[in-house]
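Visitor: Could you please take me through this structure? I would like to begin with the pockets.

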Amino acid sequence: MSGVVSMLTSFCPVICTSRMDETRSFYARLFGFTVAHATPWYAALVRGEQRQHELALLDHTHPALPEALRTPVRAVRLTVAVADGDAAWERLAAHGAVEAAEQGEGRHVVIVDPNGVRVDVVAA
């Protein structure tokens, strides 16, 4: 493996949000994330006992952010690969998938979280 950081052990996107509770509930309900750590301004979400998949939520007004960045997320897209294709898309549609599409060779479903983050769910 090459690269400046070759011993990468985890990768955790952070969503700056003004809707902490709604966002935490969205990722728990649709993707099975659980809360590993939470404060009123931060939540670390994980999937699986080995924490293979991580996502963090940060209150956009928190002083940990430089003042110029203290805004809710404006534009981001997450892509999630799933093994069970059609079954996953049916479950997501039943829980509020807002847009379904076919792109190129693979079908995918796009859903939007409480912050406007587009989550593109594709078959692995």
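Visitor: What volume does the largest pocket have?
Guide: The largest pocket has a volume of about 650 Å³. A pocket is an open set of points on a 1 Å grid over the protein atoms alone, where a 1.4 Å probe fits, with protein on both sides within 12 Å along at least five of seven lines. The volume is the space filled by probe spheres set on the points, which are joined across faces, edges and corners.

Visitor: Which residues are the closest to its centre?
Guide: Of the 27 residues lining the largest pocket, those closest to its centre are Phe31, Phe33, Arg47, His53 and Val80. Lining residues have an atom within 4 Å of a point.

Visitor: And which element gives the most to that lining?
Guide: Strand 5 gives the most, with five residues. Strands (E, at least two residues) and helices (H or I, at least four) are DSSP runs, numbered from the N terminus.

Visitor: Before we go on, where does the model come from?
Guide: This is a predicted model, in which local features need pLDDT of at least 70 and side-chain atom pairs count only at pLDDT 80 or more, while totals for chains, interfaces and linings use all residues. Residues are numbered from 1 along each chain as its sequence is written, and side-chain values use heavy atoms, with hydrogens and water left out.

Visitor: Now to aspartate 120: is it buried or exposed?
Guide: Aspartate 120 counts as buried because its relative accessibility is 3%. With a 1.4 Å probe and protein chains only, buried means under 20% relative accessible area, exposed over 50%, and partly exposed in between. Aspartate 120 is placed in strand 8 (residues 118–123).

Visitor: What does its side chain make a polar contact with?
Guide: The partner is the side chain of arginine 77, at 2.3 Å. A polar contact is a pair of N or O atoms within 3.5 Å; within protein, one must be able to donate a hydrogen and the other to accept it, and residues adjacent in sequence count only if both atoms are side-chain atoms.

Visitor: Turning to the strands, how do strand 3 and strand 4 pair?
Guide: Strand 3 (residues 42–47) pairs with strand 4 in the antiparallel sense over six bridges. Two strands pair if DSSP finds at least two bridges between them. Tyrosine 42 has leucine 58 in strand 4 as its bridge partner.

Visitor: And strand 1?
Guide: Strand 1 (residues 14–17) runs parallel to strand 4 (residues 53–59), joined by four bridges. Threonine 17 has aspartate 59 as its bridge partner in strand 4.
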